[in-house]
Amino acid sequence: LAVGIILPFFTGQIPQIGSMLLPMHLPALLCGLICGWQYGLSVGFILPLLRYALFGMPPIFPTGIAMAFELAAYGAIAGFLYNHSRWQCLVSLYRSLIIAMIGGRIVWGLVQAVIMGISGDVFTWQLFIAGAFLNAILGIVLQLVFIPAIMIALDRTGVVRFSRKRPADLPARR
């Protein structure tokens with residue numbers, strides 16, 4: 001949560017691309033992967049709202065509200081998929097990360113559509129593609145590079161280990 005509060009200050013120093021780096025997405029995804037889906041969901045939801053309450057950014061309507069749901073989805077999906085993977089390795093990390101990134105963007109789009117509909121505006125397919133993917137390419141690349149690098153570093157230091165669960169160690173299916 002603290003990293004998510006502080007990180008936007010660093011990226012905000014680069015006005016042209018600061019918001020395109022998606023600085024609050026990294027902590028939400030990492031929290032879900034490391035601490036589990038419940039914490040990822042909670043931290044992801046609270047982060048933009050708390051940051052708005054403390055610093056007035058991001059604007060609460062519509063950006064902050066949509067981000068709260070988006071980041072909650074990132075943390076929950078990434079954490080759930082990764083922690084329920086048969087093997088917690090780089091492949092399952094990427095699989096969980098990519099699915100969470102797609103799922104979070106879909107949630108963001110749905111929330112934006114609802115918010116825009118309530119306020120009388122229209123949220124078009126073009127706005128969704130631009131907001132979810134085209135304007136976010138730099139942040140998506142950053143997430144796909146830094147999150148696995150951080151997880152590998154945590155594995156090598158023994159803080160968070162990749163693991164293999166042998167079939168005998170898995171709970172019996174009923």
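Helices (H or I, at least four residues) and strands (E, at least two) are DSSP runs, numbered from the N terminus.

**Figure 1. Overall fold of the protein.** Read along the sequence, the pattern is α-α-α-α-β-α-α-α-β. That gives 7 helices and 2 strands. The model is predicted: local features need pLDDT of at least 70, side-chain atom pairs count only at pLDDT 80 or more, and totals for chains, interfaces and linings use all residues. Residues are numbered from 1 along each chain as its sequence is written, and side-chain values use heavy atoms, with hydrogens and water left out.

**Figure 2. Dimensions and interior of the protein.** The C-alpha trace spans about 55 × 40 × 25 Å along its principal axes. Buried residues (under 20% relative accessible area, 1.4 Å probe, protein chains only) make up 41% of the 174 residues. Contact means heavy atoms within 4.5 Å. Of the contacts with a separation of 6 or more, 68% link residues 24 or more positions apart.

**Figure 3. Helix H2 against helix H4.** Two packed helices are described by the angle between their axes and the distance between the axes. Axes are lines fitted to C-alpha atoms, for helices over the stretch in contact, and angles run from 0 to 180 degrees between N-to-C directions. H2 covers residues 25-35 and H4 covers residues 60-83. Their axes come within 7 Å and cross at roughly 30 degrees. H2 and H4 are therefore roughly parallel to each other (angles under 35 degrees count as roughly parallel, over 145 as roughly antiparallel, 65 to 115 as roughly perpendicular and the rest as oblique). H2 passes H4 in a right-handed crossing (the near helix is turned clockwise from the far one by less than a right angle). From H2, the contact uses His25, Ala28, Leu29, Gly32 and Leu33. From H4, the partners include Met67, Leu71, Tyr74 and Ala78. By class, the H2–H4 contact has 8 nonpolar, 5 polar and 1 charged residues. Ala, Val, Leu, Ile, Met, Phe, Trp, Tyr, Cys and Pro count as nonpolar, Asp, Glu, Lys and Arg as charged, and the others, Gly among them, as polar.

**Figure 4. Helix H5 against helix H6.** H5 runs over residues 90-118, and H6 over residues 125-132. They pack at an angle of about 140 degrees, with their axes 10 Å apart. H5 and H6 are therefore oblique to each other. The crossing of H5 past H6 is right-handed. Arg105, Ile106, Trp108 and Gly109 of H5 meet Leu127, Phe128, Gly131 and Ala132 of H6. This contact divides into 5 nonpolar, 2 polar and 1 charged residues.

Technical notes: Buried means under 20% relative accessible area, exposed over 50%, partly exposed in between (1.4 Å probe, protein chains only).
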